[in-house]
Amino acid sequence: MSMIRDLRAVVRPSRTSPRKDNGAYDTTRDPGMPSAVVDCAVYRDGVRVQTQAPLSPHEAMRLVRRDGGFVWIGLHEPTEAEFAGIAREFGLHPLAVEDAVQAHQRPKLERYDDSLFTVFKTVHYVDHDQLTANSEVVETGEVMCFTGRDFFITVRHGGKGSLRTLRHRLQDEPELLSKGPSAVLHAIADHVVDGYIAVADALQDDIDEVETEVFSPGRKGTPRGTDAGRIYQLKREVLEFKRAVAPLLRPMQLLSERPMRLIDPDIQKYFRDVADHLARVNEQVLGFDELLNSILQANLAQASVAQNEDMRKITAWAAIIAVPTMVCGVYGMNFTYMPELHWKYGYPAIMGITVGICVGIHRMLKRNGWL
C-alpha cells in the first residue's frame with residue numbers, strides 16, 4: 001500500500017482573506033513567507049489517510065471527528081498569530097501555548113484536563129577539525145509536544161532536529177502507530193534520547209583528546225599542558241548538554257511509572273527503556289563535568305608549577321651573578337689601600353676565586369634541581 005512520505009502540508013491562506021471559520025487555522029504571517037506548518041496528516045488504524053491535497057489543521061480535525069483516528073501536526077517556529085487558530089481548534093491551554101511560542105523552556109511535563117504538554121531539548125554535536133577556545137561543540141533546539149486523545153502537535157524550535165525521518169519511520173510501523181498519539185510521544189522521546197547518546201559519545205572523544213594533551217609529556221618529560229580556554233569552553237558546552245538532560249529525568253520517570261489517561265498502557269512500558277537510557281546519559285554527563293573540573297585544575301596546577309620552575313631558575317642565576325657583582329662592587333670603590341691592590345697576581349687571583357665560587361654555586365643548584 002503506497003504511503004505519502006514526502007507530503008509537506010504548507011497552508012497558504014489567501015492574501016486578502018485568511019481563513020478563520022469555526023476556529024480554523026489562521027495564518028497572518030507575511031504572504032511571502034512559508035507557513036509554520038511543516039506537515040499535517042490524519043492517521044487511522046496506524047495508516048496515514050491519503051488525501052488529494054494537503055490538509056489544513058481544521059480539515060484534518062474534521063476528518064478525525066467524522067471517521068476516527070488522530071491528527072499529527074508538525075510546526076516549526078510558529079508566531080503567536082499562526083498558532084492562535086490551532087490553539088482554539090484543539091482547546092490548548094493558554095499557558096502551554098505561550099511556552100510553545102516563546103520557546104527557551106526547560107524540559108518538563110505538564111498535565112492539563114484534555115492534554116499533556118511535554119518539552120524536550122534536542123542536542124546536536126557540531127563537527128570541528130580542532131577544538132578551540134571558541135568552538136561550538138553542541139547545538140540545542142526544542143521540541144514541544146501537545147498530546148491529546150485524538151491529536152498530537154509538535155512545535156519545533158531550532159535549525160536542526162527535523163522530525164520528518166521519524167514520521168516516515170513510524171508510518172512504516174502501523175501496528176505501533178495504531179496505539180495513537182502516545183506512540184508518537186514515545187517515538188519522539190526515544191529519538192531525542194538517542195541523540196543524547198550520540199552526542200555523549202562524541203563529547204567523550206573531545207574530552208579524551210584534551211585529557212591526553214594535558215597529561216602527555218612535553219619537554220624534559222614534564223606534562224606539556226594545554227590552553228585552559230579550550231578546557232573551559234568544553235566545560236561550558238557540557239553544562240549546556242547537562243541542562244538538556246538532567247531536567248528530563250523526572251518527566252520520563254512520570255511517563256514510565258505513573259498511569260496517565262492519555263498514555264496507552266502498552267506504550268507506557270516503552271517509556272521505561274527511554275528513562276533507563278536517559279539515566280545512563282545523565283551519569284555520563286555528570287562524569288564529564290567532574291572530569292573536566294579535574295582536568296582544568298590539573299592544567300592550572302601545571303601552569304603554576306611551570307611558573308615556579310621559571311622563578312627558581314631566575315633566582316638561581318641571580319645568586320650566581322651576585323658573586324661577581326659583589327666583587328666588582330668592592331673593587332670599584334677606588335680606595336687607596338685595598339687588599340692585593342698592588343700585587344702582581346691580584347687580578348687573576350680574584351678572577352679565579354670569583355669563577356670558582358660561581359661554578360660551585362652552579363653545581364650545587366643544579367644538583368638540587370634548581371637549574
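My scale here is buried under 20% relative accessible area, exposed over 50%, and partly exposed in between, with a 1.4 Å probe and protein chains only as cover.

**Ground rules.** I'm working on a predicted model, where local features need pLDDT of at least 70, side-chain atom pairs count only at pLDDT 80 or more, and totals for chains, interfaces and linings use all residues. Residues are numbered from 1 along each chain as its sequence is written, and side-chain values use heavy atoms, with hydrogens and water left out.

**The chain overall.** I get ten helices and seven strands; these are DSSP runs, numbered from the N terminus, with helices (H or I) of at least four residues and strands (E) of at least two. The chain has 371 residues, and buried ones make up 45% of them. It exposes about 20,000 Å², and carbon and sulfur atoms supply 53% of that; the areas come from the Shrake-Rupley method with a 1.4 Å probe, and for residues only the protein chains shown count as cover. I also looked at contacts (heavy atoms within 4.5 Å). Among those between residues at least 6 apart in sequence, 70% join residues at least 24 apart.

**The sheet.** I traced an open sheet of seven strands with mixed pairing, in the order S2-S1-S3-S7-S6-S5-S4. Two strands pair if DSSP finds at least two bridges between them. S2 (47–48) and S4 (108–111) are at the edges with a single partner strand each, so one side of each has no neighbour in the sheet. S1 (residues 37–44) runs antiparallel to S2, and two bridges join them. Tyr-43 has Arg-48 in S2 as its bridge partner. Helix H3 (residues 94–102) lies across S4, S5 (115–125), S6 (138–148) and S7 (151–157), at about 155° to S6. For that angle, axes are lines fitted to C-alpha atoms, for helices over the stretch in contact, and angles run from 0 to 180 degrees between N-to-C directions.

**Salt bridges.** My search of the whole structure gave 14 of them, each a side-chain nitrogen of Lys or Arg within 4 Å of a carboxyl oxygen of Asp or Glu.

- Glu-89 meets Arg-65 at 3.2 Å, N to O. Glu-89 is in helix H2 (residues 80–90) and Arg-65 in helix H1 (residues 57–67), 24 residues apart. Glu-89 is buried at 9%, while Arg-65 is exposed at 55%.
- Asp-150 meets Arg-149 at 3.3 Å, N to O. Asp-150 is buried at 10%, whereas Arg-149 is exposed at 66%.
- Lys-242 pairs with Asp-289, with the closest N and O atoms 3.7 Å apart. Lys-242 is in helix H7 (residues 228–245) and Asp-289 in helix H9, 47 residues apart. Asp-289 is buried at 9%.

**Two last look-ups.** Arg-164 is in helix H4 (residues 164–171) and is partly exposed at 22%. Arg-164 sits 9.1 Å from Gly-74, C-alpha to C-alpha, though they are 90 residues apart in sequence.
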